[in-house]
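Reader: I'm new to this one and a bit lost. Could you take a single part and walk me through it slowly?

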Amino acid sequence: MRSQAIAPPPTALSIDANRLYDALDALGRVGAYDDPYTGLRGVCRLALTAADGAGRAHVVAEMRSAGLAVSVDRIGNVFARRPGREDDLAPVMIGSHIDSVATAGRFDGCLGVLGGLEVVRTLNDAGYATKRPIVVAFFTEEEGARFGTDMLGSAVATGRIGLADAYAMRDATGLSVRDELAAIGFLGERDERLEPPHAYLECHVEQGPVLRASGLDLGVVTGVQAICWHEVTIVGKAAHAGTTPMSLRADAGVAAARINLKLRDMVSSGRFGAELRATMGAIAPHPNLVNVVPGRVVCTVDVRNPDDAILERAEAEIVAHYGEVARLEGVTITHRRTARTPFVPFSSRVRERIAAAAKARGLSSAPIVSGAGHDAQELSRLCPAGMIFVPGEHDGISHNPRELSTEAQCRDGVNVLLDTLLSLADE
Ligand code: GLV
Ligand code: MN
Ligand code: MN
């Protein structure tokens, strides 16, 4: 930071879009892979893998080069602090995540973290010290793609999940969160329970088609829909595919297919309204061979709805269906609920600030509900929180190497992040 001077009127500030996009590019090279299905370079930084460790080291170095003081808590969340003029006041936090699904693009989560860093660099360049401190944070295993529970780090920081429970979570190969944090050097010492910030802001790609299709510059996120995840284990009887009469089979693969089709039927029946989303994203049969009846399948169910009561009803129907399938197919079915979060509304005060900031910059915006889970929903347990959504090209595709928000789209989102931050950090 250059100085503590009270400098130009904050409205005169704008971020350096080129620098932001370069930073997204540079982080996107960490954990990059050649995706055979899209022919594009994708990103694979599953939480707490060596690639995530490298991404973390890269971002920490960037945080330090922006003059920030970095600390790591006991669940591996990283906090980078810029002092305020009244440094004892609660900080305004900007955050998101840099872990990814195995087939990601460069924007999911990274825009929020690197956008926060760009805001800090912009303030540094202007020599402007906010009244409150600013903290740029990234949280561990937001995706849930490795250890099975999404928003893990921010849920621990805000008390929804206990540290011991988080440490004990294991990936598909049996490696634990605690050991993997230690292995990449991010088992920090800072207390995992976060002191409430003054406010929390997150700028994120929409990860859906709505904003781009409606020609809007930005979305002001009203809240995050309710989410429910199950890990389902189906045990039947492995058998020879050619010799075993159909009447003697207990085919775990067929049982998984029945559950998957049930999810689709529940959506298309309309009985749960128009907003139900239901997905079987992972299906792992054993032994996964052409000529063996699968004796075992581990699969996942992801169900979401903005209305908690509807989601509850849908989950109950799915669980009842597991029982029916078990009976029909002669298999046993057990399930573990690996994630369940209610609809989380965001602070109306923060939403108003975001909408006003967009308007002042001549950007069009509209309220939007988030279909994806985000760290902001966890932080909203501690303080007023809000999110800015940036449109995405290609129908807003995400969790895919085709994920793309243009430099101008990212610029608009992060400029509004800057303005909103200033309005909160100077109060
Ligand atoms: C996180 O990306 C989610 O699955 O919503
Ligand atoms: Mn994300
Ligand atoms: Mn994601």
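Author: Let's look at Asp 108, which bridges the manganese ion (ligand 2) and the manganese ion (ligand 3), and these two ions lie 3.6 Å apart. Keep in mind that this is a predicted model, where local features need pLDDT of at least 70, side-chain atom pairs count only at pLDDT 80 or more, and totals for chains, interfaces and linings use all residues. Residues are numbered from 1 along each chain as its sequence is written, chains are lettered from A and ligands numbered from 1 in the order in which they are written, and side-chain values use heavy atoms, with hydrogens and water left out.

Start with the manganese ion (ligand 2). His 97 (NE2), Asp 108 (OD) and His 204 (NE2) coordinate it at 2.0 to 2.3 Å. Donors here are N, O and S atoms within 2.8 Å of the metal (3.2 Å for Na, K and Ca), and since water is not among the atoms, sites may look incomplete. Along the chain, the donors of ligand 2 are spaced H-x10-D-x95-H. His 97 and Asp 108 both sit in the loop between strand 5 (92–96) and helix 3 (110–126), eleven residues apart. (Helices, H or I with at least four residues, and strands, E with at least two, are DSSP runs numbered from the N terminus.) His 97 is buried at 0% relative accessible area, and Asp 108 is buried as well, at 7%. Buried means under 20% relative accessible area, exposed over 50%, and partly exposed in between, with a 1.4 Å probe and protein chains only.

Now for the manganese ion (ligand 3). Its protein donors are Asp 108 (OD), Glu 143 (OE), Glu 143 (OE) and His 399 (NE2), at 2.1 to 2.5 Å. Their spacing along the chain reads D-x34-E-x255-H. Glu 143 belongs to the loop between strand 6 (134–138) and helix 4 (152–157), and His 399 to the loop between strand 18 (385–390) and helix 12 (407–425), so this pair ties together parts 256 residues apart in sequence. Glu 143 is buried, at 8%, while His 399 is partly exposed, at 36%.

Those two residues also meet ligand 1. An oxygen atom of ligand 1 is 3.0 Å from an N or O atom in the side chain of Glu 143, and an oxygen atom of ligand 1 is 3.2 Å from an N or O atom in the side chain of His 399.

Terms used
Polar contact = N/O pair within 3.5 Å; in protein donor to acceptor, adjacent residues only side chain to side chain.
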